[in-house]
Amino acid sequence: MTPRTVYLFCSAAPPVFEVARVIESMQERGWDVCLGLTPTAASWLEESLSGLATLTGHPVRSQYKRPGEPDVWPPADVILFAPASFNTINAWALGLTSNFVVGVVAEGIGKKIPMLVMPCVNAAYVQHPQFDQSVAVLRSAGVTVLYGEGGFVPNQPGERRPDGYPWQIALDATEAVVSARQ
């Protein structure tokens, strides 16, 4: 059986430091994982990038490839973008593709790739009027946004979530989205 391929994309938010454990959990579920990072997330994980590439068996990407270069990843069956920062959610909804991972998911809408996003934003950020508009735009484009009841619920600025980032919700939802399409 050919493994299912998930593109796991991460923004610079504290849960990105748990990505190795998340990759291992996805691999245990039978996923071939390709890791993509925003440039800031890549800088945060700089010392771990070669180990993460070894863990996934694929290069970790945070930059666009040059025209004419071959694609080094297999095609995605699904894309999970978690954690997704305030900036990433808004850039994606507005079609601002200055970084690789946002470019892939923006194009993924047109390619009809199943996509899920789970924010990692605090309660002050979500008060900005653009955030709700961006969530609505992504949902209307067919993206599963794991936000609110049953997904990510914002914490207060500077406050740690006592139960941690809800990775399990994201992993279970990824399985459900792909199963529903089969």
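Helices (H or I, at least four residues) and strands (E, at least two) are DSSP runs, numbered from the N terminus. The views below come from a predicted model, in which local features need pLDDT of at least 70, side-chain atom pairs count only at pLDDT 80 or more, and totals for chains, interfaces and linings use all residues. Residues are numbered from 1 along each chain as its sequence is written, and side-chain values use heavy atoms, with hydrogens and water left out.

**View 1. Lys 112 sits in the loop between H5 and strand S4 (115-119).** Welcome to a first close-up of the backbone. Most residues other than glycine have a negative phi, and most peptide bonds are trans. Lys 112 has a positive phi, near 60 degrees, and is a residue other than glycine.

**View 2. Ala 82 and Pro 83 are joined by a cis peptide bond.** The omega angle here is about -10 degrees. Pro 83 belongs to strand S3 (residues 78-84).

**View 3. Helix H1 (residues 19-28) meets helix H7 (residues 167-181), their axes coming within 11 Å.** Two packed helices are described by the angle between their axes and the distance between the axes. Axes are lines fitted to C-alpha atoms, for helices over the stretch in contact, and angles run from 0 to 180 degrees between N-to-C directions. From H1, look for Arg 21, Val 22, Ser 25 and Met 26, which meet Trp 167, Leu 171 and Thr 174 of H7 (contact means heavy atoms within 4.5 Å). This contact of H1 with H7 has 4 nonpolar, 2 polar and 1 charged residues (Ala, Val, Leu, Ile, Met, Phe, Trp, Tyr, Cys and Pro count as nonpolar, Asp, Glu, Lys and Arg as charged, and the others, Gly among them, as polar).

**View 4. H1 also packs with helix H3 (residues 49-56), the axes being 10 Å apart.** The angle between H1 and H3 is about 5 degrees. That makes H1 roughly parallel to H3 (angles under 35 degrees count as roughly parallel, over 145 as roughly antiparallel, 65 to 115 as roughly perpendicular and the rest as oblique). On the H1 side are Val 19, Ala 20, Ile 23, Glu 24 and Gln 27, and on the H3 side Leu 52, Leu 55 and Thr 56. By class, the contact of H1 with H3 has 5 nonpolar, 2 polar and 1 charged residues.

**View 5. Helix H4 (residues 86-94) crosses helix H5 (residues 100-111) at roughly 40 degrees, with axes within 9 Å.** That angle makes H4 oblique to H5. H4 passes H5 in a right-handed crossing. Thr 88, Ala 91 and Trp 92 of H4 make the contact with Val 102, Val 105, Ala 106 and Ile 109 of H5. The contact of H4 with H5 has 6 nonpolar, 1 polar and no charged residues.

**View 6. H5 gives the largest share of the lining of the second largest pocket, 5 residues.** A pocket is an open set of points on a 1 Å grid over the protein atoms alone, where a 1.4 Å probe fits, with protein on both sides within 12 Å along at least five of seven lines; lining residues have an atom within 4 Å of a point. Of the 15 lining residues, Tyr 7, Asp 71, Val 104, Glu 107 and Lys 111 are the closest to the centre of the second largest pocket. By class, this lining has 9 nonpolar, 1 polar and 5 charged residues.

Terms used: Left-handed = near helix turned anticlockwise from the far one by under 90°.
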